[in-house]
Amino acid sequence: MKSMCQDHVDLKVPVERAYEFVSDTARWPMWLAFVVNVHPLDEEALHLGSELRICMAAGKRRRQEIFEVTRHVGNAFLSLESDLSAARRIDFRFEQRGTMSRLSLAVGYPVFG
């Protein structure tokens, strides 16, 4: 994946708690600056194949895209891919590091060829 932006943060919580926090998509606008709101298209918790409508902002411009969960490994990975032809991806990675956990986020596009 060609990353447009990526970063990580070390947290003083177990990886399970970090994963639980990220799985609560209603909180995304509070800590992801580019997210305006998130609406799950089904009522169940995040799972492989579930879809989210995400409204994103870039300056004064806003756009909505439908993302599908393409990789879901509890307490380890959560990947979303847009249904548009550009196939924007959002990848979360969770790592337990002793008593701390590392949450990594990358936003980008897949690279083909």
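Asp 91 comes out buried, because its relative accessibility is 16% and the cut-off for buried is under 20%. I'm working from a predicted model here.

I checked what Asp 91 does with its charge. Its side chain meets that of Arg 89 in a salt bridge, 3.1 Å from N to O. I keep in mind that side chains of opposite charge can pair when their charged atoms come close.

Next I looked at strand E6, residues 89-97. E6 pairs with E7 in the antiparallel sense, over nine bridges. Ile 90 has Val 107 in E7 as its bridge partner. The hairpin of E6 and E7 has two residues between the strands, and Gly 98 there takes a positive phi near 70 degrees.

Then I turned to the other partner of E7. Strand E1 (residues 2-11) is antiparallel to E7, again with nine bridges. Cys 5 sits opposite Val 107, the residue that also partners Ile 90.

How enclosed is E7? I found eight of its ten residues (100-109) buried, so the rest of the structure largely encloses the strand.

Back to charges. I searched the whole structure and got seven salt bridges. One of them joins Arg 97 and Glu 95, at 3.1 Å from N to O; Arg 97 is partly exposed, at 41% relative accessible area. Another joins Arg 63 and Glu 65, at 3.2 Å. I noted Arg 63 as partly exposed at 33%, whereas Glu 65 is buried at 5%. Arg 63 and Glu 65 also belong to a salt-bridge network with Arg 88.

Definitions and conventions: Residues are numbered from 1 along each chain as its sequence is written. This is a predicted model: local features need pLDDT of at least 70, side-chain atom pairs count only at pLDDT 80 or more; totals for chains, interfaces and linings use all residues. Side-chain values use heavy atoms; hydrogens and water are left out. Buried means under 20% relative accessible area, exposed over 50%, partly exposed in between (1.4 Å probe, protein chains only). Helices (H or I, at least four residues) and strands (E, at least two) are DSSP runs, numbered from the N terminus. Two strands pair if DSSP finds at least two bridges between them. A salt bridge is a side-chain nitrogen of Lys or Arg within 4 Å of a carboxyl oxygen of Asp or Glu.
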